[in-house]
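Subject: Structure handover and notes

Hello,

Here is the structure for your work. My notes follow below it.

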Amino acid sequence: MDITKRALGRNKIREIDRKAIDEYEIPGIILMENAGRNVAEEVLKMLSGIDKARVAIFCGKGNNGGDGFVIARHLYNKGVNVSVFLTTEISRVLSEGDASTNLKILLNMNFKIRELKEEHIEEVVKTLHDYNIIVDAIFGTGLSGEVREPVRTLIEKINETDIPVVSVDIPSGLGCDDGVVLGVAVKAAKTVTFVAPKTGFFQGQGKEYTGELIVSDISVPKELTVS
């Protein structure tokens, strides 16, 4: 089947997620675990070796960031040197939800989570060339307004590097439904998306930002995706 015919918009994806959790009683944290593990496997495929590999993971405050925390754990357990940067305060993520649970796991593993405040952007950008891969887990499909500072500058600087970027579910800043760049968007070398391709990947500027597209199975019941 033509992959574009399988593409779904934001509302349909949300409905699938809701049904998987509410009607099939699949805990959301299981879906997050599957998503993060699958992305970690794709990152590992891109590394020529693990011993000297360094991966930077940029996480937002929502479920996309929660996926990033899972990715960090799996890569760390494989022996990869991982740095996690958070685009908000740790306290805002710890309040509730599945992302909170996965952040707490990292903190219990004595992971150093670096909060990215505006005054830290330039300092962090200078270190980006020390990494082999950057993982973009900042914004998910729910983003609708333009990307604001300091994340806007961060994404611009990431795009200026020649380091391969793996985007989680959707390149941060790309419109899920229409492929419109919301002020700025991550230019991914690879996008690992979940459940189904997003319609925005094939519209507007989507193809310019998505890179290689991997549709990853996170164990959502098949009948939900074909109905």
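Contact here means heavy atoms within 4.5 Å. This is a predicted model, in which local features need pLDDT of at least 70 and side-chain atom pairs count only at pLDDT 80 or more, while totals for chains, interfaces and linings use all residues. Residues are numbered from 1 along each chain as its sequence is written, and side-chain values use heavy atoms, with hydrogens and water left out.

Annotated positions

Asn64 is in helix H3 (residues 63-77). Helices (H or I, at least four residues) and strands (E, at least two) are DSSP runs, numbered from the N terminus. Asn64 has 7% relative accessibility and counts as buried; buried means under 20% relative accessible area, exposed over 50%, partly exposed in between (1.4 Å probe, protein chains only). Leaving out residues up to four places away in sequence, Asn64 touches Asp136, Ala137, Ile138, Phe139, Gly140, Val168 and Asp169.

Asp136 belongs to strand E4 and is buried at 2% relative accessible area. With the sequence neighbours up to four places away not counted, its contacts include Phe58, Asn64 and Ser172. The Asp136 side chain reaches the backbone nitrogen of Ile138 at 3.3 Å. This is a polar contact: a pair of N or O atoms within 3.5 Å where, within protein, one must be able to donate a hydrogen and the other to accept it, and residues adjacent in sequence count only if both atoms are side-chain atoms.

Ser172 is in the loop between E5 and strand E6 (190-194), and is buried at 0% relative accessibility. Its side chain reaches the backbone nitrogen of Phe139 at 2.8 Å.

Rings

There are three aromatic pairs in the structure. Rings of Phe, Tyr and Trp (its six-membered ring) pair if their centres lie within 6.5 Å; planes under 30 degrees apart count as stacked, over 60 as edge-to-face and the rest as tilted. Phe58 and Phe85 have ring centres 4.9 Å apart and planes at 15°, so they are stacked. This pair links distant parts of the chain, with Phe58 in strand E1 (residues 54-59) and Phe85 in strand E2 (residues 81-86), 27 residues apart. Phe58 is buried at 0%, and Phe85 is buried at 0%. The ring centres of Phe201 and Phe202 are 6.4 Å apart with planes at 70°, so that pair is edge-to-face. Phe201 is buried at 2% relative accessibility, whereas Phe202 is partly exposed at 26%.

Arg54 lies over the face of Tyr131, at 4.5 Å from the ring centre. The criterion is NZ of Lys or CZ of Arg within 6 Å of the ring centre and within 35 degrees of the ring normal.

Regards
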